[in-house]
Structure formats: structure tokens, C-alpha cells
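This briefing concerns the contacts between side chains in one protein chain. Please keep the sequence and the structure in view while reading the points that follow.

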Amino acid sequence: MDNQGSIEPRFARADSHDSQTASDFIDSQLKLEADAREALPYAFDHCTQPLGPLRQNLFSCLTCTPPSSSPSTTYTPAAVCYSCSIACHGEHELVELFNRRNFTCDCGTTRLPATSPCTLRIDPSTGVKGPVHSQPAAEGNTYNQNCRNRFCGCGELYDAHAEKGTMFQCLGLAGENEGGCGEDWWHPECVLGLGREWSRSKKARHAAEPTPDHDGNGSEETTNQPRELEHDDEELPPGFPAEDDFETFICYKCVDANPWIKRYASSTGFLPPVLHTGVQPTNEHTSIIRAESPNHKEPDGALGRETVADKPVQNSVISDPEGNQNSPPSSTSLKRRADDDDTEEQDMPNQAKKIKLETNKNCYYETLPEARPESLSIFLKEDFRDHLCRCANCYIKLRKHPQLLEEEESYEPPSRRSRFEQRRSKGVMVYNHLKDKVKSFLQPFAESGQAVGAEDIKAYFEKLRGDEQAIKTAAVAGSGESGDGDNRREQSG
């Protein structure tokens, strides 16, 4: 071996001219690990069932619970946590349901066949980890059509490869058994009542358009090739709010199941109502349009909100429940009406006045316009919770839906990043140790100009194989461990 300065070891196969430096090998391994982190970002060695009901990412296994082809056949839906979807159902056909609230993993319960046990939980009868099956399922779990891979009000089967547009998840104020959707995912056109035909016809028209062709000079030429609809070309149907204008929404099914929330549409923190008929309301049809004022303030908590009389009203249109529109009352008429109310209260018995004050005092909800009779969806801004009335009467309705009172936290399994970082550090330390050993072996040959023979290399590596303790020491130092290390192995998935 000639003296050529720095020497980098290479790995080569005897039957191939391809070779790879140790640095390239480590880089390729890091690239594979980065891809694995992206595909499987969380650890999957613990089932969430012992943690009880959580808001967590769920998967329905179509292999274990195939949807029935006959409506008369009994179907038992089930969903499993992230870890079980990989460790216990990794080779099955799965449907990702995304985050659902108050759910306990069904893996290893009577909702799934005993032939697909949970391999992550401790079997209480043996005290050993897995396999666990036929345990009682959690009674509080709720299911919807998503477990059958059907989504939206249209009930279409979801095809991840064919679906191009964005779907939106309802906040879910009612389950399917209550007339709601149960946190279903919706096509924008179906929220409006336009149906999937609107999207299909739009794609057909788009595909018929000629494709612009760019020549080398930067100009465009039109070809007769049909255009392929890309994700960026997906437009929201007319009347559907822009994605940046709202945080979440409540579908018309859940609104119909909780009609009291209709009155919040168009109020502070909420967008105008989106009708299911496909015809959206204009300003003339909106009951009251409030203009923001620098003097506007809202009391906190159960103190309620200001009344309409306390707040300036500009360019307002007021409609009675029959839809007859009237001009905004002047300040004189407002004062007169207030005076009339004072006269009425003076004529009321003391007990009746006390009841009226206790019922209506500081209730912001009572100042909102009457609800529209049509079926509609409500779109909520990021701060909508700050504008919900929390007086004693209204709080009774709100407490049934904790997601309206405060933002929900979703459970996430531990990240795998720390484990990958530990393994990468361990590999780098071992490589550096070997590099230093080889360098010290080759240094005398480089200084003397003596060629390194095959017997020299063979003898050196035989000696190096006896230095396993130093390699182990380097590995332990790289992982930050002080003992024999963790003997557990990650499962492939």
C-alpha cells in the first residue's frame, strides 16, 4: 500500500467492483433511520388500554372486523391504538381514524377475534407480556361509519390514492346514535349540500382543459393533452369558508342534534352560518350583524356578556322570527323601550321581578338573534371559547360538551427520536474507536514507506478482535449508559 496521505477504510464485496466508505455507510444508515422516523415517529411498545379512555389516534382493522356486505348482518366495529396498529395489526388492512376522544383501545378484547391478540399488554392470568385476547371491551367507546372506511355525510368509501381534496373533521357534539356524526370527516361540498357530483363534474371539466406546455424560451404553448388535477388545484366550493378563516366546525348533523348552538352563528368568534341547502345567507338574511367597537368588552366567566342595548349597533338589520326585516331602532326608540321595560317591572310583583332578574341577568346568549330554521353548519374561530356564554343556565348545556369549554389534549406515544439518536451516537463512537485503532496500525508503515502486506492486515485484525472490551466501552460511552444496557429490541414494523 503506497503512502497517499490520509487513508479511509473501504468496504467491498469480493464479487463486485462497488465499494463504500465507512462514512458513506453511516450516512446511508442515518438516511434510513430518518425515513423510519418519518413513517413511524412514535414508539410502539405499549398499548394504551391500561391508561383508560383518551383522545388518541385510532385505527380500524378491516382484516379483523371486515365490513358486512349485507345490512342485515350484525357488524361489530372496533378500533386500536397507534402501537397496536403496528405491533399487533402491522400486516393487516387498516383505516386511520385520526384523533377520537374518550376511547379505550379495543385490541385484545371481545370486539376482535382471539386469533389477533394484543402482544403488548400483560396477561393478568400469567403476569407475562402477551398474547392477550377475549378481555371485556370498554363500555364507553363510541363508533361511527368510519370504522367501515366510510366517511362524510355522503358515506363514500375512502380511497387515499384517489382522494385529492381536503376533508374537515367535525368537532362532534353528538354520536351517530344521537343523530350526530361522531367526529366524522367531511367533504366541503357535502357540508354545503352540493354532493360529490359537484366535485366530480369539476374534475371532469378540469381534465378537459388543455395542458400548458412551456418551451425553452419561457413562453407557454397549449397542447391537447388533458390536465391532471393536482392537490393545489383543489378549490373549495362557493360558500365554504377559507381554511385560514376558521379553526374547526360543527356539521349540520351535530347542530341539528343541539339546536341551541345555532344562535351563535355570526356572533363574535363564529363565522356566518353555512346552510346545507347550498344557498348561503347574505347580509340581508343575517339576523344581526354586529360591528366591532373599541369600546366593546365582554365580562368573564359566568357573568355573561353585554346586552345589545349596551353595545353600539352599526348598519344592522333586525329580523323577527317570521323573517320580516325592520330598520335598526333609533337611540330614541331604544330609550323609549327601556323606559317601557322599567314601567313593566314596576307593575310586576316583587317575586316575579326577582325570578326575571335571576333568569336573564348577564346572559349573553339571550341577546343573540333567534336561530335560523334551516339545517346549517357552524364554523368556529380560534377564540370561539372566549365568546360562549357561561351564565348558570348556559353552562348546563356547555358542560355536556367539554370540547366547547377548553381545548382538548391528544395523547401521543413517546417519540422514537431519542432511541434513534442513542443508536446513532453508539455507532459513531464505535466507528471512531475503530478508525483510531486502524490509523495507529497504519502510521508506522506510512512513515517508513513500507508496503502493508496481507499477512500484516490479517494479523492486525486477529489482534483487534481480541479488543472487544474497548469497543463495548466506546458503545456504552456513546449511549450514556452505565450498565449492561437495555436488552429490549424494537419490533420491526
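In this predicted model, a salt bridge joins the side chains of Arg-200 and Glu-156, with a distance of 2.0 Å from N to O. The pair links distant parts of the chain, since Arg-200 belongs to helix α4 (residues 196-208) and Glu-156 to strand β9, 44 residues apart. Arg-200 counts as partly exposed because its relative accessibility is 42%.

**Salt bridges**

- The count of salt bridges comes to 9.
- Another salt bridge is formed by the side chains of Arg-196 and Glu-163, at 3.4 Å from N to O. This pair also links distant parts of the chain: Arg-196 is in helix α4, and Glu-163 is in the loop between β9 and β10, 33 residues apart.
- Arg-196 is buried, with a relative accessible area of 11%, and Glu-163 counts as buried at 16% relative accessibility.
- Through shared partners, salt bridges join Glu-156, Glu-163, Glu-189, Arg-196 and Arg-200 into one network.
- Glu-183 and Arg-101 meet in a salt bridge of 3.5 Å, N to O. Glu-183 lies in the loop between β10 and β11 (185-186) and Arg-101 in strand β5 (residues 94-103), so the bridge ties together parts that are 82 residues apart in sequence. Both Glu-183 and Arg-101 are buried.

**Aromatic pairs**

- The structure holds 14 aromatic pairs. One of them consists of Phe-151 and Tyr-158, whose ring centres are 5.7 Å apart; their planes stand at 65 degrees, so the pair is edge-to-face.
- Phe-151 counts as buried at 5% relative accessibility, whereas Tyr-158 counts as partly exposed at 32%.
- Phe-270 and Phe-384 form an edge-to-face pair, with 6.1 Å from centre to centre and 70 degrees between the planes. Phe-270 is in the loop between α5 (252-257) and β15 (274-275), and Phe-384 is in the loop between β18 and α8, so that pair links parts of the chain 114 residues apart.
- Phe-270 is buried, with a relative accessible area of 3%, and Phe-384 counts as buried at 1%.
- Ring pairs also link Phe-168, Phe-240, Phe-246, Phe-249 and Phe-379 into a cluster.

**Charge on the surface**

- A patch of negative charge on the surface gathers Glu-247, Glu-382, Asp-383, Asp-386, Glu-406, Glu-407 and Glu-409.
- Asp-386 lies in the loop between β18 (376-380) and α8 (392-398). Asp-386 counts as exposed because its relative accessibility is 53%.

Key:
Residues are numbered from 1 along each chain as its sequence is written. This is a predicted model: local features need pLDDT of at least 70, side-chain atom pairs count only at pLDDT 80 or more; totals for chains, interfaces and linings use all residues. Side-chain values use heavy atoms; hydrogens and water are left out. Patches are made of residues with over 30% relative accessible area and no salt bridge: like charges are joined within 9 Å, nonpolar side chains (Val, Leu, Ile, Met, Phe, Trp, Tyr) within 5 Å. Accessible areas come from the Shrake-Rupley method with a 1.4 Å probe; for residues, only the protein chains shown count as cover. A salt bridge is a side-chain nitrogen of Lys or Arg within 4 Å of a carboxyl oxygen of Asp or Glu. Lys and Arg count as positive and Asp and Glu as negative; His and the chain ends are not counted. The place of a charge is taken as NZ of Lys, CZ of Arg, CG of Asp or CD of Glu. Helices (H or I, at least four residues) and strands (E, at least two) are DSSP runs, numbered from the N terminus. Buried means under 20% relative accessible area, exposed over 50%, partly exposed in between (1.4 Å probe, protein chains only). Rings of Phe, Tyr and Trp (its six-membered ring) pair if their centres lie within 6.5 Å; planes under 30 degrees apart count as stacked, over 60 as edge-to-face and the rest as tilted.
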